[in-house]
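Me: I am new to this structure and would like to go through its salt bridges. Please show it first.

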Amino acid sequence: SDLVSDIVSRAAHMCPGAYVFLLSRSRNSGVLQCTEVRGDIPPSPELIAWVTKTLEPMTQVQGADPDGDTGRYRGRDLAIPESFGLTDLVALPVAPGDDLHFILAIGTTSERGLSQNDRELLSVFAVFSQTVLRNAFLVKRLRRANRLLEHSSDRLANAETMAALTDMTSGVAHDFNNIFGAIIGRIKMLRIRTKDNQ
(Lines give C-alpha, C1' and ligand atoms only; values in the text may rest on other atoms or scores of the structure.)
Protein backbone atom coordinates (compact mmCIF):
# COMPACT_ATOMS: atom_id res chain seq x y z
CA SER A 1 0.00 0.00 0.00
CA ASP A 2 2.90 2.37 0.68
CA LEU A 3 4.33 1.64 -2.76
CA VAL A 4 0.98 2.31 -4.45
CA SER A 5 0.57 5.55 -2.50
CA ASP A 6 4.07 6.57 -3.62
CA ILE A 7 3.08 5.90 -7.25
CA VAL A 8 0.04 8.17 -6.82
CA SER A 9 2.25 10.89 -5.30
CA ARG A 10 4.67 10.69 -8.21
CA ALA A 11 1.83 10.85 -10.74
CA ALA A 12 0.47 13.95 -8.97
CA HIS A 13 3.97 15.46 -9.05
CA MET A 14 4.21 14.78 -12.81
CA CYS A 15 0.86 16.49 -13.45
CA PRO A 16 0.64 19.53 -11.17
CA GLY A 17 -2.83 21.01 -10.89
CA ALA A 18 -4.48 17.78 -12.10
CA TYR A 19 -6.72 15.36 -10.29
CA VAL A 20 -5.13 11.96 -9.74
CA PHE A 21 -7.56 9.19 -8.85
CA LEU A 22 -6.42 5.77 -7.69
CA LEU A 23 -9.02 3.07 -8.19
CA SER A 24 -8.58 -0.51 -7.08
CA ARG A 25 -10.51 -3.73 -7.39
CA SER A 26 -9.56 -6.93 -5.62
CA ARG A 27 -10.65 -10.32 -6.90
CA ASN A 28 -12.13 -11.17 -3.50
CA SER A 29 -14.57 -8.26 -3.29
CA GLY A 30 -14.98 -7.61 -7.00
CA VAL A 31 -15.89 -3.99 -6.30
CA LEU A 32 -14.02 -1.12 -7.93
CA GLN A 33 -13.34 1.63 -5.39
CA CYS A 34 -11.71 5.02 -5.50
CA THR A 35 -9.12 4.57 -2.75
CA GLU A 36 -7.12 7.79 -3.07
CA VAL A 37 -7.51 11.18 -4.74
CA ARG A 38 -4.89 13.91 -5.13
CA GLY A 39 -5.56 17.40 -6.37
CA ASP A 40 -5.52 21.05 -5.41
CA ILE A 41 -9.28 21.10 -4.81
CA PRO A 42 -11.12 18.00 -3.60
CA PRO A 43 -13.27 16.57 -6.43
CA SER A 44 -17.01 16.29 -6.03
CA PRO A 45 -18.51 12.95 -4.97
CA GLU A 46 -20.36 12.94 -8.32
CA LEU A 47 -17.06 13.12 -10.23
CA ILE A 48 -15.58 10.29 -8.16
CA ALA A 49 -18.70 8.17 -8.74
CA TRP A 50 -18.63 8.90 -12.49
CA VAL A 51 -14.93 8.01 -12.79
CA THR A 52 -15.46 4.78 -10.85
CA LYS A 53 -18.45 3.78 -12.98
CA THR A 54 -16.68 4.68 -16.25
CA LEU A 55 -13.52 2.73 -15.39
CA GLU A 56 -15.30 -0.42 -14.18
CA PRO A 57 -15.11 -2.15 -17.61
CA MET A 58 -11.30 -1.72 -17.66
CA THR A 59 -10.97 -4.05 -14.67
CA GLN A 60 -13.01 -6.88 -16.12
CA VAL A 61 -11.02 -9.92 -17.24
CA GLN A 62 -11.08 -9.99 -21.02
CA GLY A 63 -9.55 -12.08 -23.77
CA ALA A 64 -6.13 -11.57 -25.27
CA ASP A 65 -5.29 -7.96 -26.03
CA PRO A 66 -4.74 -7.57 -29.79
CA ASP A 67 -2.25 -4.73 -29.23
CA GLY A 68 -0.17 -6.78 -26.77
CA ASP A 69 1.41 -5.16 -23.73
CA THR A 70 1.76 -1.76 -25.39
CA GLY A 71 -1.99 -1.55 -25.89
CA ARG A 72 -2.69 -3.05 -22.53
CA TYR A 73 -0.87 -0.34 -20.60
CA ARG A 74 -1.45 2.63 -22.88
CA GLY A 75 -3.41 5.50 -21.40
CA ARG A 76 -7.03 5.61 -22.51
CA ASP A 77 -8.83 8.89 -23.05
CA LEU A 78 -12.26 9.15 -21.49
CA ALA A 79 -15.06 11.38 -22.73
CA ILE A 80 -15.98 13.70 -19.88
CA PRO A 81 -19.28 15.48 -19.34
CA GLU A 82 -18.77 19.25 -19.36
CA SER A 83 -20.47 19.61 -15.98
CA PHE A 84 -17.34 18.29 -14.21
CA GLY A 85 -15.09 21.04 -15.58
CA LEU A 86 -12.33 18.71 -16.77
CA THR A 87 -10.72 19.21 -20.17
CA ASP A 88 -8.95 15.83 -20.30
CA LEU A 89 -9.16 12.57 -18.41
CA VAL A 90 -6.77 9.68 -19.05
CA ALA A 91 -7.01 6.24 -17.46
CA LEU A 92 -3.80 4.28 -16.90
CA PRO A 93 -3.93 0.61 -15.88
CA VAL A 94 -1.11 0.35 -13.37
CA ALA A 95 -1.57 -3.22 -12.11
CA PRO A 96 -3.89 -5.15 -14.43
CA GLY A 97 -3.27 -8.50 -12.76
CA ASP A 98 -5.60 -11.34 -11.90
CA ASP A 99 -5.47 -10.72 -8.16
CA LEU A 100 -5.71 -6.96 -8.05
CA HIS A 101 -6.34 -4.07 -10.40
CA PHE A 102 -5.01 -0.57 -9.85
CA ILE A 103 -5.99 2.17 -12.26
CA LEU A 104 -4.76 5.74 -12.20
CA ALA A 105 -7.11 8.31 -13.69
CA ILE A 106 -5.56 11.70 -14.32
CA GLY A 107 -7.81 14.61 -15.18
CA THR A 108 -6.86 18.20 -15.81
CA THR A 109 -8.86 21.39 -15.73
CA SER A 110 -6.33 23.49 -17.64
CA GLU A 111 -7.44 24.86 -21.02
CA ARG A 112 -4.55 23.29 -22.90
CA GLY A 113 -5.35 19.82 -21.50
CA LEU A 114 -2.84 17.01 -21.81
CA SER A 115 -0.45 17.15 -24.76
CA GLN A 116 0.61 14.09 -26.73
CA ASN A 117 3.95 14.19 -24.90
CA ASP A 118 2.12 14.23 -21.56
CA ARG A 119 0.10 11.18 -22.62
CA GLU A 120 3.21 9.31 -23.79
CA LEU A 121 5.02 10.12 -20.54
CA LEU A 122 2.05 8.92 -18.51
CA SER A 123 1.90 5.68 -20.54
CA VAL A 124 5.60 5.03 -19.86
CA PHE A 125 4.99 5.85 -16.20
CA ALA A 126 2.13 3.30 -16.14
CA VAL A 127 4.36 0.57 -17.61
CA PHE A 128 7.13 1.39 -15.14
CA SER A 129 4.68 1.44 -12.21
CA GLN A 130 3.19 -1.87 -13.30
CA THR A 131 6.67 -3.43 -13.41
CA VAL A 132 7.53 -2.10 -9.96
CA LEU A 133 4.25 -3.35 -8.49
CA ARG A 134 4.57 -6.76 -10.14
CA ASN A 135 8.09 -7.11 -8.72
CA ALA A 136 6.83 -6.06 -5.27
CA PHE A 137 4.07 -8.70 -5.45
CA LEU A 138 6.61 -11.33 -6.54
CA VAL A 139 8.93 -10.43 -3.65
CA LYS A 140 5.99 -10.63 -1.24
CA ARG A 141 5.01 -14.08 -2.58
CA LEU A 142 8.63 -15.22 -2.49
CA ARG A 143 8.96 -14.18 1.15
CA ARG A 144 5.74 -16.02 2.01
CA ALA A 145 6.96 -19.13 0.17
CA ASN A 146 10.30 -18.87 1.96
CA ARG A 147 8.54 -18.71 5.35
CA LEU A 148 6.45 -21.76 4.43
CA LEU A 149 9.59 -23.58 3.29
CA GLU A 150 11.37 -22.78 6.56
CA HIS A 151 8.33 -23.95 8.53
CA SER A 152 8.15 -27.16 6.49
CA SER A 153 11.91 -27.66 6.89
CA ASP A 154 11.57 -27.30 10.67
CA ARG A 155 8.71 -29.79 10.71
CA LEU A 156 10.70 -32.22 8.56
CA ALA A 157 13.73 -31.87 10.86
CA ASN A 158 11.50 -32.56 13.87
CA ALA A 159 10.02 -35.61 12.14
CA GLU A 160 13.51 -36.91 11.31
CA THR A 161 14.60 -36.34 14.91
CA MET A 162 11.58 -38.27 16.17
CA ALA A 163 12.32 -41.08 13.70
CA ALA A 164 15.94 -41.23 14.90
CA LEU A 165 14.80 -41.31 18.54
CA THR A 166 12.34 -44.08 17.69
CA ASP A 167 15.07 -46.12 16.01
CA MET A 168 17.41 -45.54 18.93
CA THR A 169 14.74 -46.50 21.48
CA SER A 170 13.88 -49.56 19.47
CA GLY A 171 17.56 -50.54 19.35
CA VAL A 172 17.99 -50.08 23.11
CA ALA A 173 14.83 -52.11 23.78
CA HIS A 174 16.13 -54.86 21.48
CA ASP A 175 19.48 -54.90 23.32
CA PHE A 176 17.72 -55.15 26.69
CA ASN A 177 15.50 -57.95 25.33
CA ASN A 178 18.62 -59.84 24.25
CA ILE A 179 20.24 -59.44 27.68
CA PHE A 180 17.06 -60.36 29.55
CA GLY A 181 16.49 -63.28 27.17
CA ALA A 182 19.93 -64.67 28.02
CA ILE A 183 19.37 -64.20 31.78
CA ILE A 184 15.93 -65.84 31.68
CA GLY A 185 17.30 -68.72 29.58
CA ARG A 186 20.10 -69.41 32.10
CA ILE A 187 17.64 -69.25 35.01
CA LYS A 188 15.43 -71.86 33.28
CA MET A 189 18.45 -74.11 32.69
CA LEU A 190 19.43 -73.80 36.37
CA ARG A 191 15.89 -74.79 37.40
CA ILE A 192 16.07 -77.88 35.24
CA ARG A 193 19.45 -78.95 36.75
CA THR A 194 18.57 -78.46 40.40
CA LYS A 195 16.35 -80.82 42.35
CA ASP A 196 15.52 -78.34 45.07
CA ASN A 197 13.00 -75.83 43.58
CA GLN A 198 13.78 -73.20 46.23
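Me: How many salt bridges does a search of the whole structure find?
Reply: The model is a predicted one. A pair counts when a side-chain nitrogen of Lys or Arg lies within 4 Å of a carboxyl oxygen of Asp or Glu. Searching the whole structure on that basis gives a total of 4.

Me: Which residue forms a salt bridge with Arg38?
Reply: The closest N and O atoms of the pair are 2.6 Å apart. Arg38 itself is partly exposed, at 27% relative accessible area.

Me: How many residues apart are Arg119 and Asp88?
Reply: Their side chains meet in a salt bridge, 3.2 Å from N to O. This pair links distant parts of the chain, with Arg119 in helix H4 (residues 116-193) and Asp88 in strand S4 (residues 88-96). The separation is 31 residues.

Me: Is Asp88 buried or exposed?
Reply: Buried means under 20% relative accessible area. Asp88 has 16% relative accessibility, so Asp88 falls under that cut-off. Arg119, at 17%, also counts as buried. For Asp88 the word is buried.

Me: Is Arg112 buried or exposed?
Reply: The side chains of Arg112 and Asp118 meet in a salt bridge, 3.5 Å from N to O. Asp118 is partly exposed, with a relative accessible area of 23%. Exposed means over 50%, and Arg112 has 64% relative accessibility. Arg112 therefore counts as exposed.

Definitions and conventions:
Residues are numbered from 1 along each chain as its sequence is written. This is a predicted model: local features need pLDDT of at least 70, side-chain atom pairs count only at pLDDT 80 or more; totals for chains, interfaces and linings use all residues. Side-chain values use heavy atoms; hydrogens and water are left out. Buried means under 20% relative accessible area, exposed over 50%, partly exposed in between (1.4 Å probe, protein chains only). Helices (H or I, at least four residues) and strands (E, at least two) are DSSP runs, numbered from the N terminus.
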